Every structure is written in C-alpha cells, then in structure tokens.
Amino acid sequence: MTDEKERTRAAVDEIFGRYRHSHDPLHSALIPLLQEVQDELGFLPEAALERVSRLLNLSTSHVYGVVTFYHQFRLRPKGKHLITVCRGTACHVKGASKVNDVLEEELGITPVVDTSEDGLFTVQQVRCVGACSLAPVIKIDEEFYGNMDPVKMRNILAVYRKKEEKK
Amino acid sequence: MSLVDRCCGKCIHSLETPCPDFITCRTEGPLCHDDKECHEKILGLKDKILYGEDGLRVSVGTSTCGLAAGAQAVYGALRAELARVAPAAKLVRTGCMGSCYAEVMIELERKGSPEAIYSKVTPGKVGEVLRSYLDYDVSGAYALRSRNGTMKGEEEVPLLDELPFFKYQERSVIENCGRIDPKSIEEYIIHGGYSALSKALKNMTPEEVIEEVSDAGLRGRGGAGFPTGLKWRFTRQSKGDVKYMICNADEGDPGAFMNRLTAEGDPHKVLEGLIIAAYATGAFEGYVFVRAEKPLMAEHLALAIEEAKKYGLLGENILGSGFNLEVRTVLSAGAFVCGEETAMIAAIEGSRAMPRPRPPFPSTQGLWGKPTTINNVETLAHVPAIISKGAEEYSKIGTEKSKGTKVYCLAGKVERTGAAEVPIGMPLRRLIFDIGGGVQGGKLFKAVQIGGPSGGCLPESQLDLPIDYETLQEAGAIMGSGGMIIVDEDTCIVDLARYFLNFTTAESCGKCTPCRIGLKAMLEIMERITFGESKPDDLEKLRRLSSSVADASLCALGRTAPNPVLSTLRYFRDEYDAHIMENTCPSRVCRHFLKGYKVEIEQCKGCMLCVSECPVDAISMIERQEEKDGEPVKKALIDPSICIKCGNCYNKCPFGAIKEVW
C-alpha cells in the first residue's frame with residue numbers, strides 16, 4: 001500500500017473513532033463521517049471511500065452513490081483557494097453567468113475541469129448561499145463578495161494572484 | 001455573574017433542582033424569595049448584558065448578507081475606535097434586520113438616548129458616526145427607533161417604523177433579528193425569550209398546546225401550508241414510545257433566505273419553537289437539519305442548543321416539568337429534494353435523499369420507522385408567539401384561511417432587496433412596490449417569480465392578488481417558502497423558465513421516471529427554444545409533458561417542477577412566440593439569437609484594440625474619406641461572414657463603440 005493510501009486510511013480511522021459510540025444505527029454516521037473526512041483531506045479520495053465502506057459495513061457502491069448524490073462532496077483534489085459561485089435565481093437574473101464566464105476564461109475552467117492548471121483556484125457552483133440581496137455573490141474561501149460583475153471579478157482574481165506572487 | 005447564576009444563597013434554582021419559574025425569576029424576579037437587593041442586582045445585570053459598563057451598545061449586522069457587504073471590516077474598525085473612546089461599551093454582532101439593501105448597518109444605543117441606525121457604513125465612516133452620536137448628534141443617521149428630544153437632529157431623521165420598507169411590516173418571527181446578539185441566550189431571555197416555553201410546560205398539557213396552535217390557524221411556512229396543529233396531533237396520536245421532532249433548516253430554494261435570516265439572527269426562537277413542538281407531540285429527541293452551504297446558520301443553531309442545555313432548557317426534567325429532550329444538529333450535504341419530508345429522513349438515516357411513497361406518513365412512520373414531526377424554521381419560530389399571546393390574539397391578522405404573518409424575501413431587480421414580514425393576505429403590489437420600492441433603476445416591471453423552482457411567474461396584471469396559499473395556487477404559483485424574485489424588461493422569461501427546469505432536472509433524485517425523464521425531455525425542449533432550434537409542435541409537447549410530470553411524479557419536487565413553464569406559458573406566451581416564430585429574444589438574453597456586432601463609426605477612435613483581440617481576423621481598418629492632422633482617418637469594420645460572435649471586441653472596446661445586432 002502506498003504512503004498516500006496509508007495516510008488517508010489513518011485519517012479516516014481517527015475520525016471514525018468519534019462515531020463508534022453513538023447509539024444511532026452505525027450506517028447513519030455515513031454522511032457526517034464523509035463530511036469530516038472531506039474537511040480533513042479537502043476531497044474524498046478512492047481510498048477514503050473504500051475505508052469508510054469497510055468501517056460502516058456498507059458496500060463501496062452505496063458509499064459512492066451517496067457521495068455523488070449530494071453537492072457537498074467532491075472526488076477531486078481542491079486548489080489552494082476555493083471560489084464558490086452562487087447560481088441561485090437572484091444571482092442568475094443579475095448576471096452570475098457573466099461572472100462565471102470570466103472564471104472560465106481566466107482560469108481555464110470547464111464543466112469537467114474545476115481547478116486552474118496552477119492549482120491556485122478551484123471553482124464550485126452552488127445552488128444558493130442565501131445572500132440574494134447582494135446578488136450576484138461569490139465566495140472565496142470564507143470571504144464573501146457581493147454585487148459582482150465581470151470587471152470586479154477580474155480585479156479580485158488579480159489581487160489573489162499578486163498575493164501569491166509575493167509569497 | 002450571568003443570568004443563569006443564582007442571585008444569592010436563598011435562590012432555589014440549580015440544574016439539579018429545576019424550577020418552573022426560572023425564566024421570569026431571572027428577568028423580573030427573584031420570585032423564590034423577597035429581596036430588594038437581589039431584584040436590583042438582576043436589573044443591573046440585565047443592563048450590563050445589553051449596554052456593557054459604559055451604558056453604550058453598538059451593534060453591527062454581521063449575518064451572511066452583512067458580511068457580503070463588508071461588515072467584518074466595519075466591525076474591526078468599530079472595535080478599534082471603541083477601544084479608544086468607550087472601552088467598556090458593549091459591541092455586539094447582530095443578525096440582519098431584513099433591510100439587506102442598506103447593509104452594512106450599525107446601531108448605536110446609549111441608555112436614555114434614542115437608538116440610531118446607520119446604513120451603508122464603511123470602515124472609514126465609523127469614527128465620525130461614533131463621535132457625533134456620543135456628542136448627542138444623530139443627524140446623518142438612517143433611522144431612529146424612537147425620539148425623546150435629547151439629541152441634535154432628531155427631527156430630521158425618520159423613525160424606523162416610518163420608513164417605507166418597515167412601515168407595512170408586522171414583525172413577529174424576525175422581530176429580534178438585528179436587535180439581539182444571536183449567540184447570547186441571555187439577550188434572548190431579556191427580550192422575552194423562553195417565556196412561552198415556561199408557560200407551555202407549567203400551565204398547559206401537550207393537548208392544550210396542540211389545541212392552541214390549531215386554533216391559531218398556523219400553517220406550515222415551508223411550502224404546502226399544511227395545518228401545523230393537525231400535523232402535531234397525528235404524531236401525538238401515533239402509537240409508540242419513541243418519537244422524533246425535526247426542524248427543517250435545509251433551506252434549498254434558490255432565492256429564499258428567510259430561514260437563514262431567522263436562524264442566524266434569532267436561533268433561540270427557532271429552538272424554543274422546537275422544544276414546544278417536541279413537548280406537544282411527545283418527542284424526546286430532536287434534530288435540526290441544517291444546510292452546510294449556510295455555515296453561519298449552522299453555527300448559531302448549534303451554539304443555541306449548547307447554551308440552552310447550560311440553562312436547563314434542554315436535557316432532563318426541563319424547568320421541573322418532567323419533560324426530557326435532547327436536540328442535535330445534522331449537517332445537510334445539500335440536495336433540494338430534502339425539502340420532501342421522506343427524503344430528508346433518508347438523508348438523516350445516512351442514505352441518498354430519495355423520497356418514498358406516502359402513506360405511511362412520517363407522523364406514523366418517520367425517522368428509523370418511528371412517528372416523526374417535521375416543521376421548518378419559520379413555522380417553528382411562530383410557535384412561541386402563539387403560546388405567549390394566545391391563539392385568539394395571534395389569529396387576528398391574516399386571511400380567513402391563513403393566519404398570521406409570513407416572511408417574504410425580495411430579490412432580483414427590486415430597489416430594496418431584503419426580507420419583510422407582513423400579514424398574510426397583503427397584495428403583491430404593496431409588497432413589491434411600497435415595501436420593495438419597485439423595480440431597480442426605473443426599468444419596467446415584467447414579472448415576479450414566487451415560490452422558487454416549484455412556483456410560478458406572475459405578471460403585472462396579477463399584482464393586486466392578496467398573497468395567501470389559495471390565491472397563489474389559483475394564479476399558477478405557490479406560496480412555497482416565500483421567496484420572490486422580481487424581474488424587469490431585461491430578463492427573458494423563457495430563459496428564466498429554462499433556468500428553473502435546469503435546476504429541477506439536476507435536483508431530481510432519479511427515483512421515479514416521470515420526474516427523471518420527463519423533466520429532462522422538457523428541458524431539452526426549452527433549450528431548443530432558447531437556442532433558436534425549436535420545432536413547430538414544441539409548445540404542445542411541453543404542455544403534454546408538463547401535465548404528465550405533474551400528475552405522475554412521486555413527490556412534490558416533480559409534481560410542482562412544471563409550474564414555472566406552465567405559468568410563463570399562461571402569462572407570457574408572446575415571449576415564447578417571439579423565440580419560436582420571430583427568431584428573436586425580445587429581452588436580448590438568449591445569445592443564440594444575437595445576429596452579430598457592428599462598429600459605431602462616430603464612437604470608434606481607431607485604436608485597433610479590437611483588431612488585435614479578434615481571434616478570427618474578422619476586423620479590418622478602413623480608411624474614411626476624412627482627414628485628421630493630414631492623415632486619413634481609419635475606423636474598424638467587422639466582416640459578418642467571418643465573425644464568430646465571440647464578443648471579445650465588444651467586451652474590450654474602451655469606447656463602447658461596438659454594438660450588438662439583434
């Protein structure tokens with residue numbers, strides 16, 4: 001087994017330790033467990049899904065089914081900064097797609113590639129972050145940016161890139 | 001000392017010996033013994049909690065909308081400024097008052113002076129605002145909560161209740177939002193919190209609580225409007241020792257944020273409602289199912305649960321009533337279909353959120369097969385007021401069939417975006433034009449989409465409808481969660497309907513065929529129409545598919561998903577026709593109908609930027625028959641036979657000389 005897999009397994013086992021004593025049926029721990037593993041690793045690698053299925057006595061296909069059903073889970077590694085683009089109705093009618101076009105153009109994002117080549121940014125689309133009054137809204141990591149437009153989007157990306165260069 | 005601590009040795013309250021009068025005792029007491037000194041101590045403590053040692057309270061709205069507008073920086077600037085001028089003042093992070101359009105908002109309140117609210121505050125303005133308020137000057141404030149003639153400029157500043165956004169509101173569910181510190185159970189208690197729970201546990205049997213809620217006419221605020229009292233009674237009457245109470249805080253409707261606003265700004269009100277509901281239905285275990293996409297709401301609800309435990313308002317023998325309740329939060333991983341009760345139960349059980357046929361209803365077989373009640377955030381937040389005021393008082397507002405108030409979210413192209421709580425039955429026009437201030441930028445109102453992806457799109461002609469469950473349904477929309485998206489002449493209705501279908505198609509759980517395949521087929525037709533590739537019988541097919549999907553789907557997601565299409569076909573048929581027959585998009589949104597670009601000769605400066613930006617060399621510089629400084633003037637010209645309509649030139653032209661041709 002490779003080191004990478006070993007580390008993933010150890011991380012899953014440690015998190016699982018906290019669920020063992022719950023009095024709810026074991027398989028109900030699946031979603032919270034996956035959430036914590038993803039928090040820890042940034043995404044859910046194959047080895048993590050296998051380990052989770054073993055620990056909870058569920059088939060890997062069931063685990064994979066759950067992971068791909070919900071928006072929150074990701075199966076690919078995440079870039080350094082996570083850009084969340086809100087695609088709610090208010091954002092839609094106020095031009096979220098134009099903001100998204102900028103990201104596609106500047107970062108080379110496509111429906112299948114969600115991380116820029118330099119690994120700096122990952123873009124995810126969400127249904128609604130509930131800040132509709134400031135639509136269109138994006139979030140970079142934990143920071144919100146309201147009333148976005150293409151020019152503002154380009155400027156914000158430039159600021160982040162500059163910060164990285166300095167480092 | 002905190003409110004939970006005993007005032008002196010004579011107080012009988014402790015977590016081991018809970019007391020039914022605990023809440024009143026701590027706010028107006030002491031009740032367990034007569035002692036003037038203790039009473040003074042409690043009053044002083046309340047003041048200290050609200051105003052700090054300096055008698056000054058400074059609040060910053062830092063809910064998600066505030067943060068998106070830059071509240072974090074304002075908070076930092078205020079903290080730095082206060083450290084200099086009033087270090088013992090109370091600085092609090094509150095929720096949102098609903099007037100999101102005016103964020104970042106701060107409120108200054110010195111004991112004895114009118115509270116002044118300032119809007120659109122930036123870090124740079126903080127110092128000045130604070131100095132002038134401390135100097136007894138409120139000119140420049142956005143609104144005052146009251147006047148007492150002690151401050152300069154009081155008469156020039158409107159009262160909060162006089163502002164058009166607040167004037168027509170009846171605030172109950174969101175009354176504390178933006179007023180109290182959502183992370184402080186003490187502030188909630190000082191504002192009358194948990195007195196309804198005390199009353200219910202001390203003076204009412206579970207049946208009486210259900211009776212009261214039934215009499216009040218409370219209906220579910222999450223969608224279908226099912227009578228809450230009836231729902232509770234079903235669970236109460238179900239056989240079994242183990243019952244569950246679930247709060248649905250998985251607000252998934254894009255464009256609705258009243259649950260986020262309520263639970264972020266006043267989480268204890270929701271929790272109090274949940275505890276009362278659990279008592280009424282006979283549940284000993286409760287869950288708060290909250291969306292991970294809204295982390296602040298999850299954090300505040302989880303903290304509220306922890307705090308309530310410390311105060312003996314959760315756990316064993318709550319307030320000495322013998323009633324036990326454990327509550328915990330479950331983080332939803334995000335799926336719109338969780339709005340369907342049986343799907344949410346599947347999610348909590350650890351599976352894909354797929355609904356199952358009903359009956360059996362959750363009230364007889366829910367979580368882990370046990371009787372379960374599910375109410376959403378807003379529904380539960382109505383409960384404390386019903387118990388405190390009584391059903392009669394509560395049901396005085398509203399319409400014949402729908403009582404009380406409803407929080408609506410105004411978003412989209414509306415002047416004043418935010419959330420407003422108004423009596424059910426208020427006409428749409430009042431809500432959108434008087435409260436919301438009409439359409440942004442003086443544009444023409446086109447439609448309002450009510451109820452999200454399950455709702456419908458209503459035109460100008462329907463604006464005098466009183467908003468309640470029945471009238472909206474007749475008009476082709478639904479109350480849903482109460483999200484309203486206002487769109488103007490620049491929004492393409494066909495594209496909007498396509499957007500919603502795209503949403504519901506992606507969110508369909510895939511269990512039943514009508515929803516899984518039917519919606520996909522409908523989406524394909526909508527895409528054809530917006531791409532200019534429609535076929536003659538497309539509208540007919542769309543109608544047929546709509547009725548099949550609505551009739552045959554397993555759950556409400558599928559049954560209501562055709563609503564946006566049906567309502568737009570009903571009211572905006574001409575826009576569909578323009579796309580299909582005239583091959584154009586009147587609102588200039590559907591890009592496939594864009595014919596190309598042209599250069600406005602007058603505005604072109606001949607800088608040649610567009611020439612270098614064009615990826616297919618469709619732009620050349622043409623000499624004009626005029627001269628400038630002895631040189632012939634050259635202007636850009638686009639060759640439509642080569643142009644691929646990428647829009648590069650249009651976006652990059654610094655003079656706006658390139659125009660779209662539709």
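The accessible surface of chain B comes to about 25900 Å², and carbon and sulfur atoms account for 49% of that area. The model is predicted. Of the 662 residues in chain B, 59% count as buried. The points below cover chain B as a whole, then one hairpin in it, then a residue from chain B and another from chain A.

**Chain B overall**
- Chain B contains 26 helices and 18 strands.
- Along the principal axes, its C-alpha atoms fill a box of roughly 100 × 65 × 40 Å.
- Among contacts in chain B with a separation of 6 or more, 69% are between residues 24 or more positions apart.
- The side chains of chain B include 79 positive and 90 negative ones, and the centres of these two sets lie 3 Å apart.

**The β12–β13 hairpin of chain B**
- Strand β12 (residues 445-450) and strand β13 of chain B run antiparallel and are joined by 4 bridges.
- Within this pairing, B:A447 stands opposite B:P459 of β13(B).
- There are 5 residues between the two strands of the hairpin, and B:G451 takes a positive phi near 90°.
- Side chains in a regular strand alternate between the two faces of the sheet.
- In β13 (residues 456-459) of chain B, B:G456 and B:L458 are on one side, while B:C457 and B:P459 are on the other.
- These four residues are all buried, so both faces of β13(B) are covered.

**B:S508**
- B:S508 sits in the loop between α19 (493-507) and α20 (513-530) of chain B.
- Its relative accessible area is 14%, and because the cut-off for buried is under 20%, B:S508 is buried.
- Leaving out residues up to four places away in sequence, B:S508 touches B:C515, B:R516 and B:L557.

**A:L157**
- Helix α7 (residues 150-166) of chain A holds A:L157.
- A:L157 counts as buried because its relative accessibility is 0%.
- Residues touched by A:L157 are A:I83, A:L103, A:E106, A:L107 and A:F121, not counting those up to four places away in sequence.
- A:L157 and A:C86 are 71 residues apart in sequence, and their C-alpha atoms are 17 Å apart in space.

Technical notes: Residues are numbered from 1 along each chain as its sequence is written. Chains are lettered from A and ligands numbered from 1 in the order in which they are written. This is a predicted model: local features need pLDDT of at least 70, side-chain atom pairs count only at pLDDT 80 or more; totals for chains, interfaces and linings use all residues. Side-chain values use heavy atoms; hydrogens and water are left out. Buried means under 20% relative accessible area, exposed over 50%, partly exposed in between (1.4 Å probe, protein chains only). Two strands pair if DSSP finds at least two bridges between them. Contact means heavy atoms within 4.5 Å. Accessible areas come from the Shrake-Rupley method with a 1.4 Å probe; for residues, only the protein chains shown count as cover. Lys and Arg count as positive and Asp and Glu as negative; His and the chain ends are not counted. The place of a charge is taken as NZ of Lys, CZ of Arg, CG of Asp or CD of Glu.
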